[in-house]
Amino acid sequence: MPSGQIVSPRKAARVAIMGGGPGGLFAARLIARAHPDWHVTVYERMPPTDTYGFGIGLTGGLMRTIDAVDPELRARLAPILFDDLDASFSFHLSHETAVVQGNGGGHVGTLPRAALLQVLTAGAREAGAEVSIGEAPPTDELMSACDLVVCAEGVGGATRAAFADQLGVHETQSRGQLIWCGADAALRSAHFTAAQTPHGTFVGHAYPYTSERATVVIEADDESIERAGCATEAFGAEGDSDATSLEYLSEAFTGLLGGALLLGNRSRWRRFLQLRCERWHHKNLVLIGDAVATAHPSLGSGTKLAMESAATLAEVIYNEGIGPDALATFDALRRPAVEALQERALRSQLWWESFPKRLGRLGADRLVVAYLSRAGAVPLDALARVAPAVAARAVADWADVDSADVPMHDLANWVLSRGAAHDLAGAASDLQVNCNDPWGPAADALVAEARARQAGGAAVLRIVGEPTRAAALDRLALAERLRLELGLRVAVAMEAGESDDAAAGLVAGRADAVTTVAR
């Protein structure tokens, strides 16, 4: 879609956008700029200064999208972005830290969520859209009165539930819980910290969004939260935060925070809702962002997904107008990227939920490899380029050699040559795996089968399955569970082209060995 203001030759249309988050406001601005004769209205319950959450990170990919479709908005964001960031992240355990330079999560800048919403609200109004603060009309009324209704309400909106059958909604809650906090802490990069308390393990993800303030997302399992006395279920008012948990966690993460206290903004323990919809539109209603597809926050892509979807929707409307065919085009164009990111996010979620099981088994350097390869995104050779010392120590620990003996060139193949050379005597017992959740009920049955084979004398299992990369990553994840819980030696069958995943899986402790399958 051209970045300048374009007068559409089509008749004036009425467009209602439900939700004044980044996706809804960006869609309103783009649609109103391209069609100044249209009536575009955003309905948002709260003013932009009264928003849930703290900071937002803007990725390089999102900023390139904004620059392409709305360079004026990109210019307005530049002065308010906190971009004095180290391109790094730190992984902290109780007695050791690993620092990776050059892989800081892809953020080119961060800013308060409220600041982003204020810029987008002003931009939408300037483009000719009306932004109405307060209660919105019912969805069915808007669908009757408007040519198009864009639902950008977020994951908690009522519209999706009202059309659940028509949209084919699938919802799954996380096993663990998250609490979003802020802190007056001066950080310059992302930090991951495992706080091991007498009550259990709490994992903190922290990143700066101003020079003096950070967002801190903490997750834990139900048992740890309850033992810590933080399992609060009821609050006096909708906007209250869980003061008990904030106090407890401030002490648990005092090293990360430098003694600062955690700040609340409707901060309560919540389960993450993984949301997928078979259809993204119904009649003249289309859903974008968290209203239709969520990605676990450990990937930090909620704003990216919403705003990029808004840009795609506006471009399709510009090219094809409003109608079922245009909405089908939007779905076809946008769904593959969203679902690919959702798959990565689910793998990340499952890895973090099982994170405490790795403590004491892997040091900080090997945990970095496990973290970066949890969704198959960062190969071992890429880590060797940006953080050679971390890669060398991690591989040396796995291979039981001196780090000086670890080659930094063609590292994955070096690892595979050693991983494939393990003694696999007795590995004739193959376990067929077709399971995308290594900690779910289907995996429980596989673990029971493996336990039975172990009791029957099997010391080594070989995990086999479908010839796809996703299935191979699933096999590696389940293999790790078998190693952790049963102490079995596990070999994983991999395709010839999956050397990156196989090498990272070995160093990350997911498998004892890999075997190449010839198809």
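Colleague: What should I know about the model before we start?
Modeller: It is a predicted model, in which local features need pLDDT of at least 70 and side-chain atom pairs count only at pLDDT 80 or more, while totals for chains, interfaces and linings use all residues. Residues are numbered from 1 along each chain as its sequence is written, and side-chain values use heavy atoms, with hydrogens and water left out.

Colleague: How many residues of helix 11 are buried?
Modeller: Helix 11 is mostly covered, with 14 of its 19 residues buried. Buried means under 20% relative accessible area, exposed means over 50%, and partly exposed lies in between (1.4 Å probe, protein chains only). Helices here are DSSP runs of H or I with at least four residues, strands are runs of E with at least two, and both are numbered from the N terminus.

Colleague: What span should helix 11 have, and what does the model give?
Modeller: Helix 11 covers residues 302-320, and at 1.5 Å a residue it should span 27 Å; its end C-alpha atoms are 27 Å apart, which agrees. The expected span is 1.5 Å times one less than the number of residues.

Colleague: What follows helix 11?
Modeller: G321 follows helix 11, and its phi is positive, near 80°.

Colleague: At what angle do helix 11 and helix 12 pack?
Modeller: Helix 11 and helix 12 (residues 324-353) pack at about 155°, with their axes 9 Å apart. That makes helix 11 roughly antiparallel to helix 12. Angles under 35 degrees count as roughly parallel, over 145 as roughly antiparallel, 65 to 115 as roughly perpendicular, and the rest as oblique. Axes are lines fitted to C-alpha atoms, for helices over the stretch in contact, and angles run from 0 to 180 degrees between N-to-C directions.

Colleague: Which residues make that contact?
Modeller: Among them are L305, L313 and V316 of helix 11, and F330, L333 and L341 of helix 12. Contact means heavy atoms within 4.5 Å. The residues of the contact of helix 11 with helix 12 divide into nine nonpolar, three polar and five charged. Here Ala, Val, Leu, Ile, Met, Phe, Trp, Tyr, Cys and Pro count as nonpolar, Asp, Glu, Lys and Arg as charged, and the others, Gly among them, as polar.

Colleague: How do helix 17 and helix 18 cross?
Modeller: The axes of helix 17 (residues 441-455) and helix 18 (residues 469-486) come within 11 Å and cross at roughly 50°. Helix 17 and helix 18 are therefore oblique to each other.

Colleague: Which residues meet there?
Modeller: The helix 17 side includes L446, V447 and R451, and the helix 18 side includes L478, R481 and E485. The residues of this contact divide into seven nonpolar, one polar and four charged.

Colleague: Moving to helix 15, what do its buried residues pack against?
Modeller: They pack against strand 5 (97-101), helix 13 (364-372), helix 14 (380-386), helix 16 (411-419) and helix 19 (499-507). W398 is one of these buried residues, and V390 and V395 are also among them.

Colleague: Where is D400, and is it buried or exposed?
Modeller: D400 is in the loop between helix 15 and helix 16, and at 70% relative accessibility it counts as exposed. Phi of D400 is near 60°, a positive value in a residue other than glycine. Most residues other than glycine have a negative phi.

Colleague: What about D410?
Modeller: D410 has a positive phi of about 55° although it is not a glycine. D410 lies in the loop between helix 15 and helix 16, and at 39% relative accessibility D410 counts as partly exposed.
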